[in-house]
Amino acid sequence: MEIVKGGMVCGPEGCVLKTEPDTSVDLLGIELDNPVIPASGTFGFGKEFKDLYDINILGTFSFKGTTLEPRFGNPTPRIAETPNGMINAVGLQNPGVIAVRDRELPEMKEFFHKPVMANVSGFAVDEYQKTVELLCGQDQIGWFEVNISCPNVHGGGMAFGTDPAMAQKVTEAVKKVADKPVIMKLSPNVTDITEIAKACEAGGADGLSLINTLLGMRIDLKTKKPVIANTMGGFSGSAILPVALRMVYQVYNTVNLPIIGMGGVSSAKDVIEMMLAGATAVGVGAANLTDPFASKKIIGFMATGRQNMCVFQALLDRSDSSERFTESSAVRATGSVSLRWAS
Ligand SMILES: Cc1cc2nc3c(=O)[nH]c(=O)nc-3n(C[C@H](O)[C@H](O)[C@H](O)COP(=O)(O)O)c2cc1C
């Protein structure tokens, strides 16, 4: 018997792609052509990649973490390699919100024609609020992604994302002024990430993104000193995928908010795994730095890689939600946990 799933026709011999697959997902009222979102800090303001490929193929991207004042970032060296990953301590280098609004966004309009995700950070609750306020009224922005999880700055960033009361306060302050959906970006550097997720939900968050980087360090055997000038930095890349999946899964089963899942995603299979764990859309970070075409390749494989598309199409076939999940071995392994899907 043949089963038709989106662009696939599946029979006992397997699935054949018959039509262009539909990889679109809905992220808080905006339809993305596909769930792939280059993660903040690994895609600049888009111009760094625009000459390599047409970045309009992306679902969207999250621009570099923006603060109220311009920031030069941390002293160098601020990058260290690790097996299957990297450590960074860039320290939120950015030109400041006014330059982002008045220079980066108008420039971006010339080459990126989709709503972009505005990633903002701060060192005090009112700084977060002011930064978001200054970005209100910009048609190009589709969502605010509020970073309460940066491990590379002192007295801000992660300090807000490791304390539920502070996480709720920042969420409430930003929600008061934001004219677009607010997605709170969570830190993995906590004992129980679901506590922070619940606090953000209580504060009125529209969505969550997770995970930011894990605090890590490396030591240079010749100098016997930390490789990174800042001593510690944020560990990311494919090595952290299992941790990220676990946290997305935990948060998905705790709160009722759409999730952008990220952390270690570097292939179309990883995207599917993230979505099986509960993500509505998926961020790709360090992979863009090791291969600038990584996001493009992932999207290309979703559209043409037949084996993966079989699973992916089954996931996205909105008319077939029960079968979609019972078919998945990953979900079967979780027993009675019921998975929902953002429609
Ligand atoms: C070099 C670098 C800079 C980053 N800068 C930011 C940032 O400005 N704001 C933010 O929210 N996350 C930032 N991140 C975190 C990523 O967006 C992402 O959450 C994290 O790296 C996990 O994904 P990955 O394993 O795919 O890299 C940065 C990551 C890297 C590697």
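Asn56 touches Phe112, His113 and Lys114, leaving aside residues up to four places away in sequence; touching here means C-beta atoms, placed from the backbone, within 7 Å. This is a predicted model, where local features need pLDDT of at least 70, side-chain atom pairs count only at pLDDT 80 or more, and totals for chains, interfaces and linings use all residues. Numbering runs from 1 along each chain as its sequence is written.

Asn56 sits in the loop between β6 (36-38) and β7 (79-82); strands are DSSP runs of E, at least two residues, and helices are runs of H or I, at least four, all numbered from the N terminus. With 13 other C-beta atoms within 10 Å, Asn56 is partly exposed (20 or more would be buried, 12 or fewer exposed, with C-beta atoms placed from the backbone). Asp33 is 23 residues away in sequence and 9.5 Å away in space, C-alpha to C-alpha.

Now for the sheet that holds β6. Its seven strands form an open sheet, ordered β6-β18-β17-β12-β11-β10-β9, with parallel pairing; a pair takes at least two DSSP bridges. β6 and β9 stand at the edges with a single partner strand each, so one side of each has no neighbour in the sheet. Three bridges join β6 to β18, running parallel, and Val36 stands opposite Val282 in β18.

Here are the elements with residue ranges:

| Element | Residues |
|---|---|
| β6 | 36-38 |
| β9 | 116-120 |
| β18 | 281-284 |
| α9 | 294-304 |

As for the whole protein, it has 12 helices and 18 strands, and buried residues make up 52% of its 343 residues.

Terms used:
Two residues are in contact if their C-beta atoms, placed from the backbone, lie within 7 Å. Axes are lines fitted to C-alpha atoms, for helices over the stretch in contact, and angles run from 0 to 180 degrees between N-to-C directions.
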